[in-house]
Amino acid sequence: MFRIKTLNKISPAGLSVLDQTRFSVSDDVENEDGILVRSADMHEYQFSDNLRAIARAGAGTNNIPIDRCSEAGIVVFNTPGANANAVKELAVCALLMASRKITAGAEWVRTQAGAGADVEKVVEKGKSQFVGPELSGKMLGVIGLGAIGVQVANIATKLGMTVFGYDPFLSVDAALSLSRLVHRAMDLETIYKNCDYITLHVPQTPETRGMINEDAMHMMKGGVRIINLARGGLVNDDDMLVALESGKVAAYVTDFPNNKILQGKNVVAIPHLGASTPESEENCAVMAAQELKDYLENGNIKNSVNLPTLVQEWSGESRLCIIHKNVPGAIANITGLLSKDGVNVENMTNKSKKEYAYTVVDVGTRVSQTVADEIRALDGVCRVRLLNH
Ligand SMILES: NC(=O)C1=CN([C@@H]2O[C@H](COP(=O)(O)OP(=O)(O)OC[C@H]3O[C@@H](n4cnc5c(N)ncnc54)[C@H](O)[C@@H]3O)[C@@H](O)[C@H]2O)C=CC1
Ligand SMILES: O=C(O)C(=O)COP(=O)(O)O
């Protein structure tokens with residue numbers, strides 16, 4: 001029986017992937033084998049000795065201490081693209097909210113009603129303060145052309161916008177999905193200098209943290225409108241407050257409000273609703289649960305952010321799953337120990353991702369725990385699992 005801890009509310013469709021005969025799932029299990037999480041902050045989380053995998057039902061993994069996980073041989077999964085449509089739709093809404101003063105106007109109407117005014121009359125007199133420009137014919141810069149950025153860029157062309165996309169690591173899949181109407185910007189400066197609207201779709205990493213700062217905004221057009229449905233930390237809030245006050249930035253729509261940014265003029269704050277649709281919640285939960293199940297039961301890895309993709313058909317009695325440092329001699333050490341113990345390898349795959357590697361060895365006969373323990377004791381080995389078919 002595998003114990004799975006949930007750190008956020010996970011869609012029941014996902015939980016139903018983990019059948020009750022093999023998985024015990026709840027928010028209070030102890031010594032868990034796996035974790036299902038959305039945005040809960042895990043940086044201070046104490047891993048149980050048993051913990052083998054964390055599945056993030058969503059895209060961003062900046063709430064998970066990835067380095068600490070890799071060191072401990074814990075596989076971290078996410079669900080690429082599973083909530084992209086929901087974010088794309090919210091991005092269209094955010095572009096409109098950045099332009100048309102919809103939220104400010106709606107709040108004003110309610111205030112008028114609350115103050116006893118005849119709303120039908122005052123709206124016609126008061127509406128001129130909420131005039132805002134159309135999107136059609138304007139320039140949009142999309143920073144990050146992954147699952148979400150590509151969809152946002154493509155749909156914006158249909159709204160009549162001229163779209164520039166920037167992504168120095170553009171994948172082949174993303175390039176193939178991108179509309180031919182989207183122009184590729186080769187640097188951020190092109191986006192900053194030319195665009196009337198800028199929307200962020202990059203992960204929050206040490207490189208992207210604070211990228212929208214005074215220097216970046218200095219290059220932008222006066223009255224630029226910025227949309228951030230990616231992560232709050234991408235924007236330097238102090239610099240943004242100054243730019244909003246001066247009018248350099250005409251509107252800032254963020255899905256990541258905090259007390260500081262809420263003080264700003266023309267801030268539209270959304271309570272992190274990018275992926276909050278039943279469809280997305282279900283897609284993400286199902287994908288995350290399937291990834292977790294396949295890893296715990298079969299040692300297969302798909303959509304991990306810290307380990308390589310490795311899916312191997314079973315071809316034997318026992319399977320050794322070894323997470324180790326990606327260093328010379330690691331595989332020779334493992335196979336050396338197996339042959340010393342007279343274990344015949346039926347099938348074996350090794351894949352690496354940056355500093356870590358994963359080796360799956362299928363053997364024809366049952367392998368003893370002693371062999372697994374010997375591999376565990378090798379230098380650079382982070383985790384060894386022994387599975388029996
Ligand atoms: N508001 C919400 O509820 C949601 C927010 N997000 C956020 O959006 C981000 C993007 O999500 P996806 O598109 O699904 O991820 P993705 O991994 O498909 O795309 C991210 C893209 O950013 C690019 N990138 C990385 N560093 C870059 C840089 N310095 N400059 C330009 N491009 C860079 C990558 O090459 C990749 O193509 C997530 O990391 C997450 O933080 C994602 C889903 C929901
Ligand atoms: O997938 C992401 O990166 C998100 O930001 C969505 O977060 P959530 O699952 O709604 O807490």
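Predicted model: local features only at pLDDT ≥ 70, side-chain atom pairs only at ≥ 80, totals over all residues.

I found an open sheet of five strands, ordered β2-β1-β3-β4-β5, with parallel pairing. Which strands stand at the edges? They are β2 (23–26) and β5 (75–77). Each of these has a single partner strand, so one side of each is left without a neighbour in the sheet. From one strand to the next, the twist averages 20°.

I then looked up one pair inside this sheet. Strand β1 (residues 2–6) and strand β3 (residues 34–37) are joined by three bridges in the parallel sense. I noted one bridge by residue: Thr6 has Leu36 in β3 as its partner.

Next I asked which strands helix α11 touches. Helix α11 (residues 278–298) packs on the sheet and touches β1, β3, β4 (53–56) and β5. The direction of α11 makes about 165° with that of β4.

The expected span uses one less than the number of residues. After α11 comes Gly299, with a positive phi near 80°.

I moved on to helix pairs. Two packed helices are described by the angle between their axes and the distance between the axes, so I looked up both values for each pair.

Helix α4 (residues 102–114) and helix α5 (residues 119–126) have axes that come within 10 Å and cross at roughly 140°. I wrote this pair down as oblique because of that angle; roughly antiparallel would need an angle over 145 degrees. The crossing of α4 past α5 is right-handed.

Which residues make the contact? On α4 they are Trp108, Val109, Gln112 and Ala113. On α5 they are Val119, Val122, Val123 and Gly126. Sorted by class, this contact of α4 with α5 has six nonpolar residues, two polar residues and no charged residues. I also recalled a point about helices. An α-helix has 3.6 residues a turn, so residues three or four places apart point the same way.

I repeated the length check for α4. Its 13 residues should span 18 Å at 1.5 Å a residue, and the end C-alpha atoms are 18 Å apart, so this agrees. Gly116 follows α4, and its phi is positive, near 90°.

**Helices α3 and α6**

How far apart are the axes of α3 and α6? Helix α3 (residues 84–100) and helix α6 (residues 147–158) have axes 9 Å apart and pack at an angle of about 45°. The crossing of α3 past α6 is right-handed.

I listed the residues that meet. In α3 they are Ala84, Asn85, Val87, Lys88, Ala91 and Val92. In α6 they are Ala147, Ile148, Gln151, Val152 and Ile155. The contact of α3 with α6 divides into eight nonpolar residues, two polar and one charged.

**Antiparallel sheet**

I looked up another sheet after that. Four strands form an open sheet in the order β14-β15-β13-β16, and the pairing is antiparallel. At its edges are β14 (345–353) and β16 (381–388), each of which pairs on one side only. The twist in this sheet averages 10° from one strand to the next.

How many bridges join β14 to strand β15 (residues 356–363)? I noted eight, with the two strands running antiparallel. Thr349 stands opposite Val360 in β15.

Then I turned to the helices on this sheet. Helix α12 (residues 330–340) lies across β13 (318–325), β14 and β15, and runs at about 25° to β15. Helix α13 (residues 369–376) packs on the sheet too, touching β13 and β16, and its direction makes about 165° with that of β16.

**Helices α12 and α13**

My last entry is on these two helices. The axes of α12 and α13 come within 10 Å and cross at roughly 150°. I therefore put α12 and α13 down as roughly antiparallel to each other. α12 passes α13 in a right-handed crossing. Ile334, Leu337 and Leu338 of α12 make the contact with Val371, Glu374 and Ile375 of α13. Five residues of the contact of α12 with α13 are nonpolar, none is polar and one is charged.

Methods:
Residues numbered from 1 in each chain as written. Chains lettered and ligands numbered in written order. Pairing = 2+ DSSP bridges. Axes fitted to C-alpha atoms, helices over the stretch in contact; angles between N-to-C directions. Contact = placed C-beta atoms within 7 Å. Parallel < 35°, antiparallel > 145°, perpendicular 65-115°, else oblique. Left-handed = near helix turned anticlockwise from the far one by under 90°. Nonpolar A, V, L, I, M, F, W, Y, C, P; charged D, E, K, R; others polar.
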